[in-house]
Structures are given as C-alpha cells and as structure tokens.
Amino acid sequence: MLEVINLTCVRGARRLFKDLSFSAGEGELVELRGPNGSGKTSLLRILCGLATPAAGEVRWDGRSIRKLGEEYFASVAYLGHQNGVKDELTAIENLRVSGAVSGTPLGKGEAEEVLTRVGLSQQQNLPAQVLSAGQRRRLGMTRLLTSRAKLWILDEVLTSLDDAAMNLSREFITEHLKKDGIAIVATHQDLNLAAPRIQQLRLS
Amino acid sequence: MFGWLVWRDLILAWRRRADVLATLFFFIIVVSLFPLGIGPERETLRTIAPGVVWVAALLASMLSLGRIFGNDYQDGTLEQLLLTPQPAYLVVLAKVLAHWIVSEVPLVVIAPVLGLQYGLSQNGLAIVVVSLLLGTPVLSVIGSVGAALTLGLRAGNVLVAILVLPLYIPVLIFGSGAVQASVTGSSPQAWLLLLGATLIVSLVFAPWAASAALRISVE
C-alpha cells in the first residue's frame, strides 16, 4: 500500500503543489490529471524515489521510501517520458539487459514471447535506433511485463501509440490491477479502464 | 547483474567504436608531438618521457569521461539503472570497470610502443606499463565522480576538467615518479606501492561519492 502524506513540491521558485495526500491500496488505479506544467511528472518522480519532495513523505507498506531505499525499488516499475531504450542494442538485447539488471533475468525464449506480445516479433533483432517512436514505446512497455513490481508508475503512457498499442497497454494495466497490483497513471486521455477501484487525482 | 551491466557497456562501446578510437588516437598524437617539437636529443627525451606519457594519459582519459554516464542520462536508461534493486554503488563500479577496459586499457597497451620514441630502456617501458595499469583505474573511478556531478550541465566538459584534473595530481606524481625512478636507475617500488594505495582508497570512496552525485543529477 502506498501512502502519500502532505507532499509539497517546489521546482525552482514555483510551488507546484502543497499538502497533497492520498493513498492507494492493492488493485487500485490512480488517474493523475492536470494541465501541462501542473507537476504530474514531478509527483511521479517523487513517488518512485528519483526526486525528493520539499516537504512531506511517501510511505510504502507503512515505511518511508527514503529508509527503504533499494528494497522499495524492487517493488516499483517506472515508465517515464523517456523509454529507457538503448539505440545501439537490438530490441531483444534491450529487453534482456534491462530484465537482468533489474533482477528478473529472461531466457531468450521468454524474451521472444514478450516481444511477440507487444507486436515486435519481426523487429526483435533490429537495433532500437531504426524503430519508430511508437515501436520504441512498445519496447519500453515490455519492462513492465517482465518486472515483478507491485507498483506501476506510468507517465503519459499512451503517447505516440496507435490504437492497437493503446488497447494493449490498457489490457496490461487491467491485468496488473487484477493481480492486486497498484497503478498510478498520469494521462491526458481517458483510460476507459474497467478497474474495480479508480481514484481521480487532479493537480491544478 | 554486475556482469550484465559490464557486458552491456562493452557491447555499446563496440558498436560506437569511433568514440573509443578517438581517445586512443588523441593519446598517440599528443605523446608523439613532443619528440617532434623538442628534437632528438636522447637525454632530454628520456628526462621528459615520464611526465609526457602520464600527462597525455590524464588528458586522454578525461576526454572520455563524458561517456561514462552521458549517453545513459540522455536516453533515460540511467534513471532506470538507479531504480534497480541493487545499490547504486555497484552500478557505478560496473560502469567504471567497463570504462576502464574500453578507454584506458588500450592506452596501457600502446604506451610501450610510444615509449620507444623516447629511448626508454626495456625496464623503463615495463614500469610505464605497470604504473599505468595501477594508475588508470584511479583516473576512471575519480573521473566518474566528476562525470556524475556535471551530468546534464551545458558547460559540462570544461567543468569536468576543472573538477577532476586537480584530483588526478597524486596519480600523476606517483605514476611519473615511478617511471622517473626507473629511468634514473633507482627502485620504483615505493612509487608503485603509493599508486596501489591510491587505487584502493579511491575504489572504496569514489563510487560512493559518484552514486550520491548521480542521484542529485538525475533529480
């Protein structure tokens, strides 16, 4: 369970939000909305531990994520604006390296299966630099499928995806929620998810 | 995981080998310019050889520092690495090891050939190699701190030089001291031991400092 307590975020001289509190339990989806520059990305980066808040605290299962450190990172998967894909590596190498480094090593067969699921089976041996923006996004998404993280933090997950890929990512999120995962998604589009528990969070 | 990270960086370097070769050629050219500029007197060349080789090694390794974290920072893989369940210390150590293999080991290999231009004896050449082997990992690991601190800054490359070169001074003194000692016929052992000690101390503290710096830069 993720608890956010009185979070305040300051970027430069601007205060983006103040005293933000919410919590998300197992199987819950948090939809984060707000205009450009309202602090969605900053909030997500604080939640996954990459940034520190000006005040307030984030707790995971009752313990502060600052104290948990690496233990917390094992339960988080973050997909940000950047896909975290290496241009010089092929699709399958990208997938296997990121899997191995984050503690879930994949065999070649497993990796091929995952790539087929996101529709990149034809491109698996191409270097990522020749893939289109949408295909790279799909490749970034594979990280979610292979991780065992309970908490997914997704930033603008639907950008540059075609309809098929959008449906695919909706499917992944729904599946994750069914397995008692938690998803926090910043988005401008409607996710239209049939999740049992959805929380809307607005930043202004 | 450590092995995977090193493997990844080695593959990436291989697929971008032009960058790596540039550093190596820089080293070769700088070291070869001195005999041309100073003239062929054997004694003079032999006296300046230790300093020239070592200063060139410092500059060449500094040129390549931006690559340790720079590309990973730009494509977002660095923040993913920092979000993995292992300590950032290990991530830094793996990247430093890969950087050393890719950017420094070729310098060590080519150095004796270049040393021939300075009329160094066989013994002198051997000490050049040994001192570089002990000293260049220090350059990589201390450089990683500078590289991490200047990540994403506009004047990053110049700042790295200002930050890191002063920290390289002990390595320069011990390394060229060892070669100098062997040229003048005394024992270089004390210098090499000092270099070894610098290596151990920097391996313990620098990755820790670099990982703290990375967390700040990524934020």
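Two residues count as in contact if their C-beta atoms, placed from the backbone, lie within 7 Å. The model shown in these views is predicted.

**View 1. Four strands of chain A form an open sheet.**
The strand order is β2-β1-β4-β5 (chain A), and the pairing is antiparallel. The edge strands are β2 (14-24) and β5 of chain A. Each of these two pairs on one side only. Helix α1(A) lies across β1, β2 and β4 of chain A. The direction of α1(A) makes about 130° with that of β1(A).

**View 2. β4(A) has partners in β1(A) and β5(A).**
Strand β1 (residues 2-11) of chain A and strand β4 (residues 55-60) of chain A run antiparallel, joined by five bridges. Find Ile5(A): the bridge partner of Ile5(A) in β4(A) is Glu57(A). Next comes strand β5 (residues 63-64) of chain A, which pairs with β4(A) over two bridges, again in the antiparallel sense. Here Trp60(A) has Arg63(A) as its bridge partner. Strands of a sheet pair through backbone hydrogen bonds, either parallel or antiparallel.

**View 3. Five strands of chain A form an open sheet with parallel pairing.**
Read the order as β6-β7-β8-β3-β9 (chain A). Why is one side of β6 (76-79) and of β9 (197-202) of chain A left without a neighbour in the sheet? Both stand at the edges and have a single partner strand each, so one side of each has no neighbour there. Neighbouring strands of this sheet are turned by 15° against each other on average, direction ignored.

**View 4. β7(A) and β8(A) run parallel.**
Strand β7 (residues 151-155) of chain A and strand β8 (residues 182-186) of chain A are joined by five bridges. Ile153(A) stands opposite Ile184(A) in β8(A). Helix α6 (residues 133-146) of chain A packs on the sheet and touches β6 and β7 of chain A. The directions of α6(A) and β6(A) make about 170°. Helix α1 (residues 40-47) of chain A lies across β3 (28-33), β7 and β8 of chain A. The angle of α1(A) to β8(A) is about 155°.

**View 5. Helices α4(A) and α6(A) cross at roughly 35°.**
The axes of helix α4 (residues 91-101) of chain A and α6(A) come within 10 Å. Their crossing is right-handed. From α4(A), the contact uses Ala91(A), Asn94(A), Leu95(A), Ser98(A) and Gly99(A). From α6(A) come Leu139(A), Thr142(A), Arg143(A) and Thr146(A). By class, this contact of α4(A) with α6(A) has three nonpolar, five polar and one charged residues. An α-helix has 3.6 residues a turn, so residues three or four places apart point the same way.

**View 6. Helices α3(B) and α7(B) pack at an angle of about 30°.**
Helix α3 (residues 42-63) of chain B and helix α7 (residues 122-149) of chain B have their axes 10 Å apart. The crossing is right-handed. Val53(B), Ala57(B), Leu58(B), Ser61(B) and Met62(B) belong to the α3(B) side. They meet Val128(B), Leu132(B), Thr136(B), Leu139(B), Ser140(B) and Gly143(B) of α7(B). The residues of this contact of α3(B) with α7(B) divide into seven nonpolar, four polar and no charged.

**View 7. Helix α8(B) has a kink at Tyr168(B).**
The kink is about 35° and lies shortly before the proline Pro170(B). How far apart are the end C-alpha atoms of helix α8 (residues 156-184) of chain B? They are 40 Å apart. At 1.5 Å a residue, the 29 residues should span 42 Å, so the two values agree. Just after α8(B), Gly185(B) takes a positive phi of about 95°.

**View 8. Chain B touches chain A.**
Here 22 residues of chain B are in contact with 24 residues of chain A. On the chain B side, the elements that give two or more residues are α1 (2-15) and α5 (77-82) of chain B. Which element of chain B gives the most? α1(B) does, with six residues. By class, the side of chain B that touches chain A has 11 nonpolar, five polar and six charged residues.

How values were computed. Residues numbered from 1 in each chain as written. Chains lettered and ligands numbered in written order. Predicted model: local features only at pLDDT ≥ 70, side-chain atom pairs only at ≥ 80, totals over all residues. Axes fitted to C-alpha atoms, helices over the stretch in contact; angles between N-to-C directions. Left-handed = near helix turned anticlockwise from the far one by under 90°. Nonpolar A, V, L, I, M, F, W, Y, C, P; charged D, E, K, R; others polar. Expected span 1.5 Å × (residues − 1). Bend = angle between axes of the 7 residues up to and from the residue. Pairing = 2+ DSSP bridges.
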